[in-house]
Amino acid sequence: QVQVVESGGGLVQAGDSLKLSCVASGRTFGLYAMGWFRQAPGKEREFAAVITMSGASTYYLDSLKGRFTISKDNGKYTVYLQMNSLKPEDTAVYYCAARRVFAPFQRLGTVSEYEYWGQGTQVTVSS
């Protein structure tokens, strides 16, 4: 089993930056990818970014490119989401997820492709 824990959420103003952290523990050896999703009130959970744990390839939701950056600690199952120039529409619960086996990038933006999920961390951006 794999446990996933997010941290770093909070209340910020529009234009501010925030960095989220996610730590995976337990049977983490061989995890293929870890990603970030978000869910705004009344909306479905949507993909934000993903990083592969071996080659550190990254993939983003198009609308977030240039503002959000996903990264990882080498040798650790820890990933980060640096969020810059935050907007009120970025307000959501941000979830970290992990996937054990290979999948092409086209599938890594789908909620159902991840086996392990954290409880989420709230990010609120005021205008």
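Hi everyone. A quick definition to begin: a residue is buried under 20% relative accessible area, exposed over 50%, and partly exposed in between. With that in hand, Trp117 has a relative accessible area of 25%, so Trp117 counts as partly exposed. Please keep in mind that this is a predicted model.

Today I'd like to talk about aromatic rings. The structure contains eight aromatic pairs. Let me start with Tyr59 and Phe105, a tilted pair with 5.5 Å from centre to centre and 50 degrees between the planes. This pair links distant parts of the chain, 46 residues apart: Tyr59 belongs to strand S6, while Phe105 is in the loop between strand S9 and strand S10. And how accessible are these two? Tyr59 is partly exposed at 31%, and Phe105 is also partly exposed, at 28%.

Now back to our tryptophan. Why is the pair of Tyr95 and Trp117 edge-to-face? The ring centres are 6.5 Å apart and the planes of Tyr95 and Trp117 meet at 75 degrees, and edge-to-face applies because that angle is over 60. Tyr95 sits in strand S9 and Trp117 in strand S10, so this pair ties together parts 22 residues apart in sequence. Tyr95 is buried, with a relative accessible area of 13%, whereas Trp117, as I said, is partly exposed.

Finally, some charges over rings. Trp117 has the charged end of Arg45 over its ring, 5.0 Å from the centre. Elsewhere on my list, Lys19 lies over the face of Tyr80, 4.6 Å from the ring centre.

Note on methods:
Residues numbered from 1 in each chain as written. Predicted model: local features only at pLDDT ≥ 70, side-chain atom pairs only at ≥ 80, totals over all residues. Heavy atoms only, no water. Phe/Tyr/Trp six-rings, centres within 6.5 Å; stacked < 30°, edge-to-face > 60°. Helix = DSSP H or I, 4+ residues; strand = E, 2+ residues; numbered from the N terminus. Buried < 20%, exposed > 50% of the residue type's maximum accessible area, 1.4 Å probe, protein only. Lys NZ or Arg CZ within 6 Å of the ring centre and 35° of its normal.
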